[in-house]
Amino acid sequence: MDLGIAGKWALVGGASKGLGWGCARALALEGVNVVMVARGAEVLDKAVDDLRAETGGKVKLIAVAQDITTPAGREAIWNVAGGPGKDYDIVVTNAGGPPPGDFRDWDRDAWIKAIDGNMLTPIELIKATVDGMAARGFGRIVNITSSAVKAPIDVLGLSNGARSGLTGFVAGASRSKIAGQGVTINNLLPGKFDTDRIRATLPAMAQKQGKTVEEMRAIQQAQIPAGRYGNPQEFGAICAFLCSQHAAYMTGQNVLADGGAYPGSF
Ligand code: NAP
């Protein structure tokens with residue numbers, strides 16, 4: 001299927017590895033020019049070089065090594081040489097998730113950091129780009145959130161709270177005037193994907209349950225109807241579809257990609 005987005009410009013946060021990388025790759029393979037953001041320059045530059053080789057140099061790929069959650073980082077993104085300024089056709093909002101823990105230990109600073117990264121940053125990115133998209137008659141925003149929005153995980157309270165705030169905002173903003181101007185805003189909710197994020201959280205979970213990391217991994221995978229973790233490539237393919245011409249009549253949705261783990265009807 002031709003997604004009909006070749007030649008467009010996408011901004012993808014957290015794009016040096018994991019789910020953001022999966023989205024950047026899928027879009028680039030569809031002929032989309034991508035500005036890829038992450039803080040660590042070395043890993044990001046390698047990801048961009050590898051993708052340049054994979055796409056045979058057919059699309060423009062620009063690395064911006066910045067913290068997307070800061071005003072200075074976003075200013076650098078808008079001003080990057082060779083980029084489209086704020087005239088993006090596609091924006092995939094993503095950065096690292098907040099740390100796990102016990103809500104009794106989180107002070108105001110911990111909450112502000114989580115809300116900044118997982119709620120206010122996506123809102124700032126939407127605010128900066130959405131009116132230009134509407135004026136040009138095409139726009140796709142995909143926020144990478146979490147299945148924890150639908151089925152909260154106790155140790156991820158910072159994530160549950162901050163991302164739920166974003167979800168409420170998107171439910172309203174996506175249905176505003178921009179819905180009639182070719183702009184869609186959807187959230188893509190990962191369940192368990194085999195990325196560094198899950199590799200970083202597994203040891204703590206294993207220790208809590210008195211299991212080895214490998215035992216914990218097997219237990220988690222057995223709880224997923226698909227019998228495995230997802231991979232960034234298949235996550236990216238769903239993201240690219242949401243960004244396609246074909247997804248024009250789909251907005252304000254929370255799309256789960258979790259191998260069937262969420263047990264509800266809706
Ligand atoms: P990952 O493999 O750890 O990758 C995170 C990416 O984001 C990296 O490229 C990282 O690079 C970048 N990043 C982190 N903080 C950033 C910042 N402030 N500014 C710019 N880039 C930043 O994580 P992932 O698994 O892809 O997860 C992506 C998102 O999905 C996270 O919010 C995570 O909580 C959420 N999620 C993941 C899963 C899962 O199973 N993997 C499940 C539910 C939700 P640098 O560190 O170099 O900046």
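**Exercise 1. Determine which helices each supply at least two residues to the lining of the largest cavity, and describe that lining.**

Solution. In this predicted model, the helices that each supply at least two lining residues are α4 (108-136) and α5 (157-173). The next step is to ask which element gives the most: this is α4, with 5 residues. The cavity itself holds about 80 Å³ of space. Of the 13 residues that line the largest cavity, T93, N94, A95, G117 and P122 are the closest to its centre. Sorting the lining by class gives 6 nonpolar, 6 polar and 1 charged residues.

**Exercise 2. Identify the residues that come nearest to the ligand, and the class of the residues in the shell around the ligand.**

Solution. There are 29 residues around the ligand, and S16, L19, R163, F193 and T195 come nearest. By class, this shell has 9 nonpolar, 13 polar and 7 charged residues.

**Exercise 3. Find which atoms of A95, G96 and R163 lie by oxygen or nitrogen atoms of the ligand, and state how much of the ligand the protein buries.**

Solution. Begin with the backbone. A backbone N or O atom of A95 is 2.8 Å from a ligand oxygen atom, while for G96 a backbone N or O atom is 3.2 Å from a ligand nitrogen atom. Taken alone, the ligand exposes 890 Å², of which the protein buries 89%. Finally, consider the elements: α1 (18-29) and α6 (196-208) give two or more residues to the shell around the ligand, and α6 gives the most, with 3 residues.

Definitions and conventions:
Residues numbered from 1 in each chain as written. Predicted model: local features only at pLDDT ≥ 70, side-chain atom pairs only at ≥ 80, totals over all residues. Heavy atoms only, no water. 1 Å grid on protein atoms, 1.4 Å probe; cavity = no way out; pocket = protein on both sides within 12 Å on 5 of 7 lines; lining within 4 Å. Points joined across faces, edges and corners; volume = space filled by probe spheres on them. Helix = DSSP H or I, 4+ residues; strand = E, 2+ residues; numbered from the N terminus. Nonpolar A, V, L, I, M, F, W, Y, C, P; charged D, E, K, R; others polar. Near = heavy atom within 4 Å. Polar contact = N/O pair within 3.5 Å; in protein donor to acceptor, adjacent residues only side chain to side chain. Areas by Shrake-Rupley, 256 points an atom, 1.4 Å probe, with all protein chains shown as cover.
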